[in-house]
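Visitor: I am new to this structure. Please pick one part of the chain, look at it closely, and show me how it sits within the whole.

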Amino acid sequence: NLPYDASDDLVRRVFLGGGCAPPRSIRRPSPGIAYVEFTSEDDALRAMHLAGTRVRGRAIRIDWDWDWMSRTRERQQAEERDEAIRRRRREEEQDDQARRRRRRRLRQEEEEEKKSQGGAS
């Protein structure tokens, strides 16, 4: 809940004054209500501490969007899985390159050994 005449700029200043980074977005479905999205969970947690703060004489109420939290965590888990897959692929590629180098070196050593045996006869 917000004062009915609160502008987006005022909403932004309230959260900035509370130590939050600038909100990612502010949606105003009706007077006195604002949906404020933050870029990080830490900023959202800091914003929660502002509940009850008086803005133009009206105590603001802050609710947590649990769906946003679960989507954020799912996105983070997906990014971590993708990074683990990329890391594993890089490691496999490095292993393959090392195996190819070893095989090439063994072939070269075998060829040199054959040449040295052929030249010694």
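Guide: Start with the terms for the elements: helices (H or I, at least four residues) and strands (E, at least two) are DSSP runs, numbered from the N terminus. By that count, the protein has 3 helices and 4 strands. Along the sequence they follow the pattern α-β-β-α-β-β-α. This is a predicted model, where local features need pLDDT of at least 70 and side-chain atom pairs count only at pLDDT 80 or more, while totals for chains, interfaces and linings use all residues. Residues are numbered from 1 along each chain as its sequence is written, and side-chain values use heavy atoms, with hydrogens and water left out.

The part to look at is the pair of strands β1 and β2. Strand β1 covers residues 25-30 and strand β2 covers residues 33-37. They run antiparallel, joined by 4 bridges. Two strands count as paired if DSSP finds at least two bridges between them. I26 stands opposite V36 in β2. R27 stands opposite Y35 in β2. In a regular strand, side chains alternate between the two faces of the sheet. Next comes the turn. β1 and β2 form a hairpin, with 2 residues between them. G32 lies in that turn and has a positive phi of about 85°.

From here, move to A6. A6 is found in the segment before α1 (8-17). A6 touches R28 and R56, leaving aside residues up to four places away in sequence. Touching here means a contact, with heavy atoms within 4.5 Å. A6 counts as buried because its relative accessibility is 6%. The cut-offs are these: buried is under 20% relative accessible area, exposed is over 50%, and partly exposed is in between (1.4 Å probe, protein chains only). A6 and V55 are 49 residues apart in sequence, yet 8.5 Å apart in space, C-alpha to C-alpha.

R56, one of the residues that A6 touches, sits in the loop between β3 (54-55) and β4 (58-59). Its relative accessible area is 53%, so R56 is exposed. Most residues other than glycine have a negative phi. R56 has a positive one, near 55°.

Now step away from the hairpin. Helix α3 covers residues 66-120, and E111 is found in it. E111 is partly exposed because its relative accessibility is 47%. E111 and I33 are 78 residues apart in sequence and 80 Å apart in space, C-alpha to C-alpha.

Last, the whole protein. Its C-alpha trace spans about 105 × 25 × 20 Å along the principal axes. The radius of gyration is 31 Å, but a compact globule of 121 residues would have one near 14 Å. That radius is taken over C-alpha atoms, and the globule rule is 2.2 Å times the number of residues to the power 0.38. Of the 121 residues, 20% count as buried. Among contacts between residues at least 6 apart in sequence, 44% join residues at least 24 apart.
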